[in-house]
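Please keep the sequence and the model in view while working through the numbered points.

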Amino acid sequence: MIYFFIGFAVFIIAFLWLNNNIIVTTNYTVKCAKNGGFRAVLISDLHSKSFGNRIYKRIEKINPDVSFIAGDLVDDTRTEVKDFELTK
């Protein structure tokens, strides 16, 4: 029985660590008849987490024409956007 609780605790800790340390990319295609289209990137829900060069590499790989930054960049430990460094 103790092994079950230890295994469950390890699973929960690993799950929480992964959810707070991975970068998820979701691709959408929107058809636009007016122009040839463009690439955009939306960055959100970082919650004051620093991803270092990993996020820059992901954005460079997408090669967007425009970038948007939305919601949850800061939380109760960092309350000002100026404290958050996203640019190189």
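1. Aromatic pairs. Rings of Phe, Tyr and Trp (its six-membered ring) are taken as a pair if their centres lie within 6.5 Å; planes under 30 degrees apart count as stacked, over 60 as edge-to-face and the rest as tilted. By this rule there are three aromatic pairs. In one of them, Phe-4 and Phe-8, the ring centres are 6.2 Å apart and the planes stand at 15 degrees, so this pair is stacked. Ring pairs also join Phe-4, Phe-5 and Phe-8 into a cluster.

2. Basis of the values. This is a predicted model, in which local features need pLDDT of at least 70 and side-chain atom pairs count only at pLDDT 80 or more, whereas totals for chains, interfaces and linings use all residues. Residues are numbered from 1 along each chain as its sequence is written, and side-chain values use heavy atoms, with hydrogens and water left out.

3. Phenylalanines of helix H1. Helices (H or I, at least four residues) and strands (E, at least two) are DSSP runs, numbered from the N terminus. Phe-4 and Phe-8 both belong to helix H1 (residues 2-21), where they are four residues apart, about one turn of the helix. The centres of the Phe-11 and Phe-15 rings are 6.3 Å apart and their planes lie at 20 degrees, so this pair too is stacked. Phe-11 and Phe-15 are likewise four residues apart in H1, about one helical turn.

4. Relative accessible area under 20% is called buried, over 50% exposed, and in between partly exposed (1.4 Å probe, protein chains only). Phe-4 is exposed at 53%, while Phe-8 is partly exposed at 45%. Phe-11 is exposed at 53%, and Phe-15 is partly exposed at 43%.

5. The two sides of helix H2. Which residues of H2 (residues 53-62) are buried? They are Ile-55, Tyr-56 and Ile-59. These residues lie on the same side of H2 because they cover an arc of only 100 degrees around the axis, the arc being that of the directions from the helix axis to the C-beta atoms. The face turned away from this buried side carries the exposed residues Lys-57, Glu-60 and Lys-61. Strand S1 (40-44) is included in what covers the buried residues of H2. Just after H2, Asn-63 has a positive phi of about 55 degrees.

6. Ala-40. Ala-40 lies in strand S1 and is partly exposed, at 40% relative accessible area. Leaving aside neighbours within four places in sequence, Ala-40 is in contact (heavy atoms within 4.5 Å) with Pro-64, Val-66 and Phe-68. Ala-40 and Val-66 are 26 residues apart in sequence and 4.9 Å apart in space, C-alpha to C-alpha.
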